[in-house]
Each structure stands twice: as C-alpha cells, then as structure tokens.
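Student: I want to go through the labels on this model one by one. Can we set each against its cut-off?

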Amino acid sequence: MVAGQGKRMSLGSSQASSSSASCSVLVGRRTLRGRPSTEGRRARAQQVASQRPRRRVPALRAAQDEEGDLAEEAEGGNIKQLLGMKGASVEKEDKWKVRLQLMKPVTWVPLVWGVACGAAASGMYTWTFENVAKALLCMTMSGPLLTGYTQVINDYYDREIDAINEPYRPIPSGLISETEAVVQFVLLLAGGLGVAYTLDVWAGHETPVIFYEAIFGSFISYIYSAPPLKLKQSGWYGSYALGASYIALPWWAGQLLFGNNLTWDVALLTILYSLAGLGIAIVNDFKSIEGDRELGLKSLPVEFGIDTAKWITVGTIDLTQLAVAAYVYQGLGERWYSIAIQLLLIPQVFFQFKYFLPDPVKNDVKYQGAAQPFLVFGILATGLAVGHHNQLLAAGGL
C-alpha cells in the first residue's frame, strides 16, 4: 500500500508538475498575447488622461452650483431683511439696515399707490413739476413715515409674538433694543405729522384736513397694536382697521391734496374697498397663526380655523371688487372702468385657486406677489372713474 501510495503520489506529483507547467504556459501565453503594443499603451494613456477631467467636472460643477445657491440664498436673505419680509437673515448688519427692516418697506407700496389713486380721483391732477413734487411728498408721508411708524410700533408691541413666529425680526433677534425702537417710531410719527401739515399749507387749505387725517390714521395704528385696545386681538375689527388704513386713508390724502373735493359717496366707496383690504390683512395673519394661538390672540385664522378663514379671505376680496364695479357702472355711469375692474378680478381668482386656497400658510407671500398687482390696478381704475366723473360734473356734462 505504501508502494502503491508512492506510485500514486509520484503520479500525482508528475501530474501536478505537468499542470503547473501547462498553467505557466497558459499564463505565459496570456501575458504574451494580452500585452498591448506601444501604440496601444499610448492610446490607453491618452484615453485615461482624457477621462480624468470628465470625472472631476461633475464634482466641480456641483461645488460651483452649491456655492452659487449659497450666494443666492445669502443675497435673498439680505434683500428680505431690507424689505422686512418673511424669512429674512438674522445676521448682524449695519444699524441703518436694521432700522429699515423694522419699517417693512414692502408694506409701503399699497399706500404710495393709494395716494396716486386719490390724485386721479380728484380729477384735477396735472403733470406739472409742482404737482409731481406734492405727490412725492404725500407718498413719503403715507409710506416711509406713517406706515413706517405703524410697522415699528407694531413690532414693538408684538416682540413676544415675533419671538415665536418671526424670530429674525430686529427686536426679538437683538439687532435693535426696545428703547431704540421707541425712539424710531416717535421720530417717524413726528415727521409724518409735520409733512402732513406742510402739505396742507402748500395746498392752501384753510382747514388742515390732511393733518387731521394723519392724526386719525396714527391713532388707529396705535390702538391696533398697543394695549389695552389692541384691535388686532379682536379679529374682524383689527383686520378691517388695517385694511382701511391701507386703502381709504392714502386715497383721501391724495384727493384732498389736489382737489379738496372728497365727497361722502367717494369716502364710502373707499371704505367699501377697504373690505378688500380686510381680506389682504387676513392673508397676513396666516403666517402668525402659531404664535397667535399660543398667546391667545383671536385672529380670524385662529378663531375660525384655516379652512374657513381662507374662504372668508377670498370672499371679502372678490365680492368687494364686484360691488365696487357695480357702483362704478350704476352709480357713476362709468361702464368701461367697471368692465376693467371686473377683468382685473379674473387673474386674482386664478391665483387664489393656484396658490392661496391649496395652502394659505405656505403660499401667502407667493399669492400676494402674484395677485395684488391686479388688485391695485383695479383701485387705480376706480380712482380714474371717480376722477372722470368729477371732471364731467365740473364741466357741466352731467
């Protein structure tokens, strides 16, 4: 058995040696056959070299895109901060930028526009250098000064709510002290009232009607934000007071400045239009629903719930404009202006269904940016209708 095993072992070793030899031959053959030529190695090297940059390009592009997105985000945050918009940057900035953010310049636009509508409604505005200067000064009073005062005093009394809803605001973020905010809104109020009196003198008013209106509007702004009344806590009253301040008051100022012919029917028309401003004010309440509910404030979204409040919002905005269009058609006899107001309502309804009604909390700013231009053009069309009607009255055509 040993001998047999020895034979088998020798046979196995010989087979193993032959296998090793054959393997070495095969390996040798593969090595010899698989070895590329000089031209092939050069071509392979060029191919690898050409592929290396391609591998780096996506990563480089991704890094560049990321840097661009960060830059755009930072720039967008800075712009939002200057305009006082939702989602602003909380980084430390120059004091003037912080004070500007506190005044929320984005909210000035409707009041500046309202002055233009009032000037058109007077039927006596002409494009002279003096009238343009008067209009710009009146817009400065309504926008940066008195609306700025309204926003600063609102932020001052809402500092606890803003710490929950909008912690990037200047006061809760610590970018400006409470004392500095008080000094700022006092100076803005004094400047606004001073400009109002100046406009009365410039227009030759025997009674300072613009000054009285400015006092009235400033008082409404105060009781809207400050205790014990704090109208914004009551839902309907607060939202309507804010809406009237954005539409009726600047209209009155513009019409009194150039025509001093504000009649009761036009005053009531602007008060009616302020119901649309009520809807706009409710839109602004959706973003604050969490803090309002926590602090017990009875805003309409808190009181009725999001689903009901969003329909109240679009209802007040749309039905108000339809009522105004009907008055312009029937009461003033201005058919074409009435048609224009109705046509301008169509895109507003479209954006309500596209942005606002699906998610009023998320899309409030997007909806306002898309729909409000058509609303303010409707207000201008109303002002032009009133102005044309006043011109016909003055000429004896009616």
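**Cavities and a surface patch**

Tutor: Start with the lining of the largest cavity. The model is predicted. The lining has 23 residues, and L111, L146, G217, S245 and L249 lie nearest the centre of this cavity.

Student: What volume does the largest cavity hold?

Tutor: About 290 Å³. The search of the whole structure kept cavities of 30 Å³ or more and found two.

Student: Which helix gives the most to the lining of the largest cavity?

Tutor: α8, with eight residues. Helices α5 (129-157), α8 (209-225) and α9 (236-258) each supply at least two.

Student: How is that lining divided by class?

Tutor: It has 14 nonpolar, eight polar and one charged residues. Gly counts as polar by definition.

Student: What about the second largest cavity: which residues line it?

Tutor: I280, I317, Q348, Y367, A371, Q372 and L375. The space there is about 50 Å³. Helix α15 (residues 364-394) gives the most to this lining, with four residues. By class, this lining has five nonpolar, two polar and no charged residues.

Student: Now the surface. Why is W336 called exposed?

Tutor: Exposed means over 50% relative accessible area. W336 has 62% relative accessibility, so W336 counts as exposed. W336 sits in helix α14 (residues 335-356).

Student: Which residues form the nonpolar patch on the surface?

Tutor: W336, I339, L343 and I346. Together they have about 450 Å² of accessible area. Patch residues need over 30% relative accessible area and no salt bridge, and nonpolar side chains are joined within 5 Å.

Terms used. Residues numbered from 1 in each chain as written. Predicted model: local features only at pLDDT ≥ 70, side-chain atom pairs only at ≥ 80, totals over all residues. Heavy atoms only, no water. Patch = residues over 30% accessible without salt bridge, like charges linked within 9 Å, V, L, I, M, F, W, Y side chains within 5 Å. Areas by Shrake-Rupley, 256 points an atom, 1.4 Å probe, with all protein chains shown as cover. Salt bridge = Lys/Arg side-chain N within 4 Å of Asp/Glu carboxyl O. Buried < 20%, exposed > 50% of the residue type's maximum accessible area, 1.4 Å probe, protein only. 1 Å grid on protein atoms, 1.4 Å probe; cavity = no way out; pocket = protein on both sides within 12 Å on 5 of 7 lines; lining within 4 Å. Points joined across faces, edges and corners; volume = space filled by probe spheres on them.
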